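Open the model in your viewer and have the selection tool ready. The tour makes two stops.

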Amino acid sequence: MYPGAFVETQGDKPAVVMADTGWTQTFAELDAAANRLSHVFRAAGLQPGDHVAMCMENHPRLLEIVWGCEYAGLIYTAASSRLTTEELTYIVNDCGAKAFIASMYKAEQAAELLGQAPEIGLWLMIDGTIDGYGSYEEAVAAAPAEPLPNRVAGTDMLYSSGTTGRPKGVLPKFTPTPLDERGTGVRGLLLLLFGMAEDKVYLSPAPLYHAAPLRFSMSSLSIGATVVVMPRFDPEEFLANIERFKITHTQVVPTMFVRLLKLADEVRQRYDVSSLETVIHAAAPCPVEVKRAMIDWWGPVLHEYYAGTEGNGFVYCNSEMWLAHPGTVGTPIGCTIHIVDDDGDEVPVGESGTVYFEGGGEFEYHNDPGKTASARHPQGWTTLGDIGYLDDDNFLYLTDRRAYMIITGGVNVYPQEAENV
């Protein structure tokens, strides 16, 4: 599904709301904007399966840009707004982008990128322009709002850092699929596990260039729910937004829990969070005492999962499951977990080793067959590089990271990057 599927039934309903300003885009407006952008791409010569890159903050127009890519059947890469010019140039060229969209917020790096990405033929900027860039607003306004003929759905190609700190694109298998038949694994999880529906409201407090915030926001819109976007996380503002917008669903990282718990009691009690039905967390281990405190505060609405941008496996637990197995990240769904030692042999229950998935999604790292091979076991299983163990009930506990990376705020930081400098 996609936003246009809801225009007849709820076209005037808010699709995207910016939490800080109240800026609102209805489903009809989102669909029309995405249609217009899809025509801009096609007029520039981009065909289904071509790549687009974008780099901006949590901008009000970001989700319409991604839907424009989806409507045009393009593979899109959302790059971090915190990247250096060197890192951004690497990603834009590595993914083979033929179009690049930035906001004025990134104007300095956008200017430096010119001349360093020879495959790009379409350069657009939002909120103003600089030399070499066309106006996004003018280009979209001049394009028709009708759908492209014979639309096929696009997909993302997001970047996941490797042990050297050099980001690698997780390359999807692109099969042209009619847009009306668009479906994603995240959409299925939202429907089956997390109770997402048209009448729900999803709050996204994290950068949308990360895999989970982007995919969960897009999938919520594909179900017909409203997505409220925070420009950045602030613990008290987060609570205020839950009360103001009657938030039913949200996704956070454990660092956000820690910051919420550090608020004074009178601040925490000031806001009504009773609308919360599902609070999803992932991206980093959550300390037992922190998660227990959050369940005591908000009730058994916490849901945890362990997965990666690669989409090669999914491990899940709800609050009740976690309380029976404190410290777990869950039990596998739709896949089998193998714990393997350094020789590639499986270890007994309770012993730690590298975590491998069997039966999950297939993936490869773009332009890096060596890294792709290193993530595969001779049996065909795949790993994200984490260390952990299974208990007698088949619940997984993570204990380490094979690459010794640092996780801060749910973001991977590699000591190797400092070594490289």
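How many residues of strand 4 (residues 75-79) are buried? Select strand 4: five of its five residues are buried. Buried means under 20% relative accessible area, with a 1.4 Å probe and protein chains only. Helices (H or I, at least four residues) and strands (E, at least two) are DSSP runs, numbered from the N terminus.

This is a predicted model, where local features need pLDDT of at least 70, side-chain atom pairs count only at pLDDT 80 or more, and totals for chains, interfaces and linings use all residues. Residues are numbered from 1 along each chain as its sequence is written, and side-chain values use heavy atoms, leaving out hydrogens and water.

Show the side chains of strand 4. Ile 75, Thr 77 and Ala 79 point one way, Tyr 76 and Ala 78 the other way. In a regular strand the side chains alternate between the two faces of the sheet.

Strand 3 (residues 51-55) pairs with strand 4 in the parallel sense over five bridges; pairing takes at least two bridges found by DSSP. Look for Cys 55, whose bridge partner in strand 4 is Ala 79. Now select strand 8 (residues 155-156), which runs parallel to strand 4 and is joined to it by two bridges. Here Tyr 76 has Asp 156 as its bridge partner.

Second stop: select helix 10 (residues 254-261) and helix 12 (residues 288-298). Phe 257, Val 258, Leu 260 and Leu 261 in helix 10 meet Val 290, Ala 293, Met 294, Trp 297 and Trp 298 in helix 12 (contact means heavy atoms within 4.5 Å).

Notes
Buried < 20%, exposed > 50% of the residue type's maximum accessible area, 1.4 Å probe, protein only.
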